[in-house]
Amino acid sequence: ALHITTADIIVVDEADMTLEFGYLEDIDALLAKMKENIEMLVFSATIPQKLRPFLRKYMKAPKIIEINEKEVSSLNISHYLVPTKHRDRYQILRQIMHIIDPYLCIIFCNTRNDAIEVSTKLREEGFKIGEIHGNLEPRERKQMMRRIKNNNYQYIVATDIAARGIDIDGASHIINMGFPNELDFYIHRSGRCGRGKYTGECFSMYDTTDENLVHLLEKRGV
């Protein structure tokens, strides 16, 4: 149906998210069938290390255009650091949940397995929990997004898929179970709350290994 061999240009949008969704191999397979001198345009909020070999494979001396926002983080968002000191992070999560009453809270985990584990524990305690991560099939993801938009959940457990590329309105609180591997994702995560005229609160668990990341965020004005 699609004669890709005749195409002159390919656009890869949300390139870093192709890693999380597992689509990079599919794009690689498409490019293998396209012209050798194909023009490629890649759009991405971050360039993770795992994406760089793919870009080097298909792009020769690319022109890089960076857009820097004047304001790194919304002034409507309050940021809180929660030291773990080797305590159980799930218990810290429950303590935070005990002191907040969110309209909608997104709990971010760094891996899909962590997201599934946290979701399971919260459900066992009687919470009605939404889930957004790469392990969901497309049909399951559509159903989940429909329930979220219908305000079926007060808490959603997610990986960085929800920080980018998926539109979830009305988040009042963000809880980071750990600092993200890519620093820019902290900005994307916290930016899910405090939008427009609303205020938001972002709680982030950290330990001594994250101190350099904390320092870098402070240097960026967070």
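This is a short exchange on how some labels in this predicted model are reached.

Reader: What are the ground rules?
Author: Residues are numbered from 1 along each chain as its sequence is written, and side-chain values use heavy atoms, without hydrogens and water. In this predicted model local features need pLDDT of at least 70, side-chain atom pairs count only at pLDDT 80 or more, and totals for chains, interfaces and linings use all residues.

Reader: Why is Cys105 called buried?
Author: Buried means under 20% relative accessible area, exposed over 50%, partly exposed in between (1.4 Å probe, protein chains only). Cys105 has 0%, so Cys105 is buried.

Reader: What makes Arg123 and Glu131 a salt bridge?
Author: The term needs a side-chain nitrogen of Lys or Arg within 4 Å of a carboxyl oxygen of Asp or Glu. For Arg123 and Glu131 the N to O distance is 2.8 Å, and the pair is a salt bridge. The structure holds 8 salt bridges.

Reader: How do Arg123 and Glu131 count, buried or partly exposed?
Author: Arg123 has 36% relative accessibility, so Arg123 counts as partly exposed. Glu131 has 12%, so Glu131 is buried.

Reader: Why is Lys142 called exposed?
Author: The relative accessible area of Lys142 is 61%, therefore Lys142 is exposed. Lys142 sits in helix α6 (residues 138-149).

Key. Helices (H or I, at least four residues) and strands (E, at least two) are DSSP runs, numbered from the N terminus.
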